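Work through the exercises below with the structure in view. Try each task before reading its solution.

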Amino acid sequence: MAQESQTQATLSEGAGEAIAELLKSEIVSNGGLFGRGASNDAYAQYFTGRSYLKPVVVDPALPFGVHNVTFEPGCINHWHRHNNGWQILIATGGKGWVQVEGQDPVLLLPGDSFVIHDGQKHWHGAAKGSWFSHIAITTGTAEWLEPVDPAVYDALPADPTR
Ligand code: MN
């Protein structure tokens, strides 16, 4: 049976209380369930603001890595591509954004997922007024590009709701 493609999902209704907990800044600023990890200094040149990186699964026998990325409020990464690969984002805490070039920014709340396909130019990160954590399952080679136009980011709501 053919299965419908699903590249974006939002957490089911009825999870409201769990989401309320996962939006709390003191929980998200510590990385939530997966932990915050170390300051992401190696990639700081590709981010506006401070982020943290916690390896979850790094196994050379697997063709992908799994990391928990935590962004301070207002921190986003630059436009980039995952060439010859892909990336799955699974939001785990706080409020954030992902935008694929030519499309509107998409709000990510805990439990939401989003797929970035091979070579798609995109950026992701926190809302202005909120910490944000997502799991990133990533393969391929990252190609880092220019920073996001501050006017575009500043036009997004600081504390978005769905
Ligand atoms: Mn990415």
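The protein has 3 helices and 12 strands; helices (H or I, at least four residues) and strands (E, at least two) are DSSP runs, numbered from the N terminus. This is a predicted model, where local features need pLDDT of at least 70, side-chain atom pairs count only at pLDDT 80 or more, and totals for chains, interfaces and linings use all residues. Residues are numbered from 1 along each chain as its sequence is written.

**Exercise 1.** Find out whether Phe47 is buried or exposed.

Solution. Start with its place: Phe47 is in strand β3 (residues 47-48). Next, apply the cut-offs: buried means 20 or more other C-beta atoms within 10 Å of the residue's own, exposed 12 or fewer, partly exposed in between, with C-beta atoms placed from the backbone. Phe47 is buried because it has 20 C-beta neighbours inside 10 Å.

**Exercise 2.** List the residues that Phe47 touches, leaving out those up to four places away in sequence.

Solution. Contact requires C-beta atoms, placed from the backbone, within 7 Å. Phe47 then touches Asn40, Cys75 and Asn77.

**Exercise 3.** Describe the largest nonpolar core.

Solution. Such a core is a set of buried Ala, Val, Leu, Ile, Met, Phe, Trp, Tyr and Cys residues joined through C-beta atoms within 7 Å. The largest one holds 19 residues, and Phe71, Leu108, Ala126 and Phe132 have the most contacts inside it. At least two of its residues come from each of β5 (65-71), β7 (80-94), β8 (96-100), β10 (113-116) and β11 (122-126). Now take Phe132: beyond four places in sequence, its contacts include Val28, Phe71 and Ala126.

Notes:
Two residues are in contact if their C-beta atoms, placed from the backbone, lie within 7 Å.
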